[in-house]
Protein chains: 2
Amino acid sequence: MTANPVYNFSPGPAQLPGAVMARVQEEFLDWHGHGVSIVEMSHRSRAFTGIAEQSVRDLSALLDIPDNYKILFLQGGATHMMSMAPLNLCNGSGTADYLVTGNWSKKAAGEAARLTGMNVAATSAATNFTAIPDPAEWRLSEQPSYLYFCDNETIAGVEFQSAPELPDGYEDTVLVSDMTSNFLSRPVPVARYGLIFAGAQKNIAPAGLTIVLVREDLLGRARPDVPFLYDLKLLAEHGSMFNTPPVFNWYMAGLTFAWVREQGGVEQMHRNALLRSGKLYEFIDNNDFYSNPVAATCRSRMNVSFILADSSLDGRFLAEAAHNGLIELKGHRSVGGMRASMYNGMPETGAHTLVDFMADFAARYG
Amino acid sequence: MTANPVYNFSPGPAQLPGAVMARVQEEFLDWHGHGVSIVEMSHRSRAFTGIAEQSVRDLSALLDIPDNYKILFLQGGATHMMSMAPLNLCNGSGTADYLVTGNWSKKAAGEAARLTGMNVAATSAATNFTAIPDPAEWRLSEQPSYLYFCDNETIAGVEFQSAPELPDGYEDTVLVSDMTSNFLSRPVPVARYGLIFAGAQKNIAPAGLTIVLVREDLLGRARPDVPFLYDLKLLAEHGSMFNTPPVFNWYMAGLTFAWVREQGGVEQMHRNALLRSGKLYEFIDNNDFYSNPVAATCRSRMNVSFILADSSLDGRFLAEAAHNGLIELKGHRSVGGMRASMYNGMPETGAHTLVDFMADFAARYG
């Protein structure tokens with residue numbers, strides 16, 4: 001280990017809870033006295049199915065998931081779901097509505113357009129994705145198969161503050177949400193959604209696993225020629241074990257769920273996120289050296305982007321930050337500047353240390 | 001750790017090389033002094049792209065892969081490839097030929113039949129998949145898009161001893177092979193194949209990764225409405241990073257490739273496999289208490305199935321074996337009996353210890 005703590009602000013794969021990481025290392029070669037690693041066990045073994053069942057119970061408790069939802073642990077990343085949503089919910093026809101508020105929802109909308117009818121109900125492209133369009137201006141289809149949105153866009157750092165409210169006449173429209181980057185960071189009114197999914201690599205486990213919550217009555221509508229591993233009904237019927245699941249990622253997800261419960265649940269994760277991001281936004285807003293372009297009404301609690309008044313200092317900022325154990329702060333190439341990604345695994349001291357460094361840097365170079 | 005070594009004969013997820021496992025544990029919390037785990041690093045970081053590039057070089061050297069092949073590291077399991085093969089190589093039409101020699105090729109043929117024209121060129125279903133049909137009896141299509149087979153079927157333990165020879169007139173027919181369960185266990189004449197794939201969880205890394213070798217000129221033939229993550233051309237163009245790859249599995253695959261090279265390459269893995277399985281087959285063939293139903297010409301070096309003369313002793317055999325650190329020997333439910341799966345990670349002492357136990361058990365109960 002390095003002498004001082006390293007705070008890893010990577011947007012993903014990202015810093016995971018320290019206690020979970022330590023536990024994984026400790027039992028990596030010998031899981032609970034079985035003499036073999038969890039990654040060497042059959043997914044059909046009693047040991048692993050026990051882990052899987054407990055993980056479902058814990059996640060269900062954390063998000064208070066209604067009984068009529070299936071909880072799936074799928075191989076691969078959330079990008080698979082960008083295809084699976086239209087393939088499973090549109091039955092080869094119909095129109096799906098998309099709110100395009102950043103790179104991820106834009107990518108999803110593009111994929112949907114290849115696979116079914118797609119309507120961009122609203123987009124904030126004109127403001128470089130630094131806002132969420134006013135619901136009064138959304139142009140919904142007459143009878144969309146669903147309304148899709150990305151709950152938190154990581155590049156600019158834009159987050160829905162709550163589930164979108166739909167106008168009169170759309171009471172039955174299903175919400176579909178990509179919650180990859182803010183899953184388990186606050187309570188979610190699951191019953192308002194038809195489909196929620198989240199890639200694991202921000203708040204849950206290493207990359208290669210996607211958590212899916214889907215309302216049961218939506219299963220069985222897949223296009224007939226969908227590849228079998230893209231049929232959510234088949235996957236649900238086999239308890240996410242139609243084929244070998246990503247056992248290590250699932251196991252770590254289970255440890256993370258248990259850790260979140262110990263910490264006080266998603267309510268506590270929400271408080272932590274508000275403290276971390278609030279500390280940073282408050283500092284940025286009160287310092288002329290830094291600025292954040294995102295509308296105050298939709299700033300992300302997970303990804304805080306900021307730019308320096310003098311971009312010629314960017315390289316120096318990153319180098320000095322890294323020297324102080326604050327790494328992976330470079331902003332996405334499409335927007336430049338800096339970005340501090342702070343998921344559930346980031347301790348509050350990470351935000352404090354970053355703000356202290358930023359204040360010191362501004363005092364010396366501002 | 002338990003006092004005595006545990007030999008894990010699980011068919012998969014399976015025992016991985018001990019040296020690789022120890023290395024992973026050692027550097028799990030702090031990869032090469034970076035202060036963070038490999039699972040917490042961006043896949044675009046210099047550290048991870050270095051790992052990825054080295055893994056490609058090592059695999060290429062191990063299998064002497066020609067320059068006109070792309071080497072991909074994909075999310076998920078080999079089952080995805082059962083859909084991707086027809087979707088990528090048949091362009092929505094055409095007929096693919098399948099050799100059905102066990103559960104895995106049967107599953108693949110069934111999926112292909114949903115997605116394109118499919119012809120079962122030969123099947124050993126009548127002998128309960130204990131043989132490989134004589135090539136003289138294969139009924140190939142006139143111009144198949146490809147000929148598909150599973151190089152090693154894990155349930156009965158049936159393995160092609162070499163790449164299938166096709167009759168005159170089929171010189172241009174592309175071979176497609178599922179090598180999930182014997183990948184890196186012997187040299188492969190890659191140039192004779194159009195597409196080779198292998199799920200990681202037997203010989204390479206934890207479940208959730210599939211290695212793909214594909215001849216470049218076969219890319220770009222995918223059905224137009226294929227989900228984007230099922231388009232091999234797109235995946236190849238992005239160096240397997242169109243979206244976040246399964247970083248932990250890829251990293252472990254790289255460690256395994258380096259380990260295989262240190263051990264003496266796939267030639268040495270082949271010698272090891274012949275020693276392990278040969279020891280077991282020789283013992284079984286010379287002992288009336290045990291028997292193996294597979295034709296001698298196609299016995300698997302990876303999965304040795306055997307039955308006891310008195311099946312009422314099965315439970316006792318499994319319990320005593322486990323008590324002696326020999327675990328996961330139960331045969332697949334569809335065939336019963338026992339199965340010893342011995343992939344690259346199984347040391348030769350595992351086979352010796354198992355044979356010693358089997359001899360002792362037969363002496364006491366035979």
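How many salt bridges does the rule find across the interface of chain A and chain B? In this predicted model, two salt bridges are found across that interface. One pairing of this kind is formed by Asp225(A) with Arg223(B), whose closest N and O atoms lie 3.0 Å apart. Polar contacts across the interface of chain A and chain B were also identified, and these amount to 23 residue pairs, with both residues at pLDDT 80 or more. On the side of chain A that touches chain B, the elements that give two or more residues are helix H1 (18-26), helix H3 (79-89), helix H4 (103-115) and helix H6 (247-263) of chain A. By class, that side of chain A consists of 31 nonpolar, 24 polar and nine charged residues.

In chain A, 64 residues are in contact with 64 residues of chain B, and the area buried between chain A and chain B is about 4900 Å², of which 61% comes from carbon and sulfur atoms. Of the area that chain A buries against chain B, 13% is supplied by Gln25(A), Glu40(A) and Phe228(A), which is more than any other three residues supply.

Within chain A, an open sheet of seven strands was found, with the strand order S2-S10-S9-S8-S5-S3-S4 and mixed pairing. Its edges are formed by strand S2 (69-75) and strand S4 (117-123) of chain A, each of which pairs on one side only, and the twist from one strand to the next averages 20°. Inside this sheet, strand S9 (residues 193-199) and strand S10 (residues 209-215) of chain A run antiparallel and are joined by five bridges; Leu195(A) has Val214(A), in S10(A), as its bridge partner. Helix H3(A) lies across S2, strand S3 (95-100), strand S5 (147-150), strand S8 (175-178), S9 and S10 of chain A, and runs at about 160° to S9(A), whereas helix H6(A) lies across S2 and S10 of chain A, at about 70° to S10(A).

Another open sheet of chain A is formed by three strands in the order S11-S12-S14, with antiparallel pairing. Here the edge strands are strand S11 (290-291) and strand S14 (338-341) of chain A, each pairing on one side only. Strand S11(A) is joined by two bridges to strand S12 (residues 303-308) of chain A, the two running antiparallel, and Tyr290(A) stands opposite Leu308(A) in S12(A). Helix H7 (residues 265-285) of chain A lies across S11, S12 and S14 of chain A, and its direction is at about 20° to S12(A).

Attention then turned to the backbone. Most residues other than glycine have a negative phi, and most peptide bonds are trans. In chain A, the peptide bond from Gly12(A) to Pro13(A) is cis, with omega near -10°, and Pro13(A) is found in the loop between strand S1 (7-8) and H1 of chain A. In chain B, the peptide bond from Gly12(B) to Pro13(B) is likewise cis, with omega near -10°, and Pro13(B) lies in the loop between strand S1 (7-8) and helix H1 (18-26) of chain B. A positive phi, near 65°, was computed for Glu328(A), a residue other than glycine, and Glu328(A) is placed in the loop between strand S13 (326-327) and S14 of chain A.

Technical notes
Residues are numbered from 1 along each chain as its sequence is written. Chains are lettered from A and ligands numbered from 1 in the order in which they are written. This is a predicted model: local features need pLDDT of at least 70, side-chain atom pairs count only at pLDDT 80 or more; totals for chains, interfaces and linings use all residues. Side-chain values use heavy atoms; hydrogens and water are left out. Contact means heavy atoms within 4.5 Å. Buried area is the accessible area (1.4 Å probe) that two parts lose on being put together, summed over both. A salt bridge is a side-chain nitrogen of Lys or Arg within 4 Å of a carboxyl oxygen of Asp or Glu. A polar contact is a pair of N or O atoms within 3.5 Å; within protein, one must be able to donate a hydrogen and the other to accept it, and residues adjacent in sequence count only if both atoms are side-chain atoms. Helices (H or I, at least four residues) and strands (E, at least two) are DSSP runs, numbered from the N terminus. Ala, Val, Leu, Ile, Met, Phe, Trp, Tyr, Cys and Pro count as nonpolar, Asp, Glu, Lys and Arg as charged, and the others, Gly among them, as polar. Two strands pair if DSSP finds at least two bridges between them. Axes are lines fitted to C-alpha atoms, for helices over the stretch in contact, and angles run from 0 to 180 degrees between N-to-C directions.
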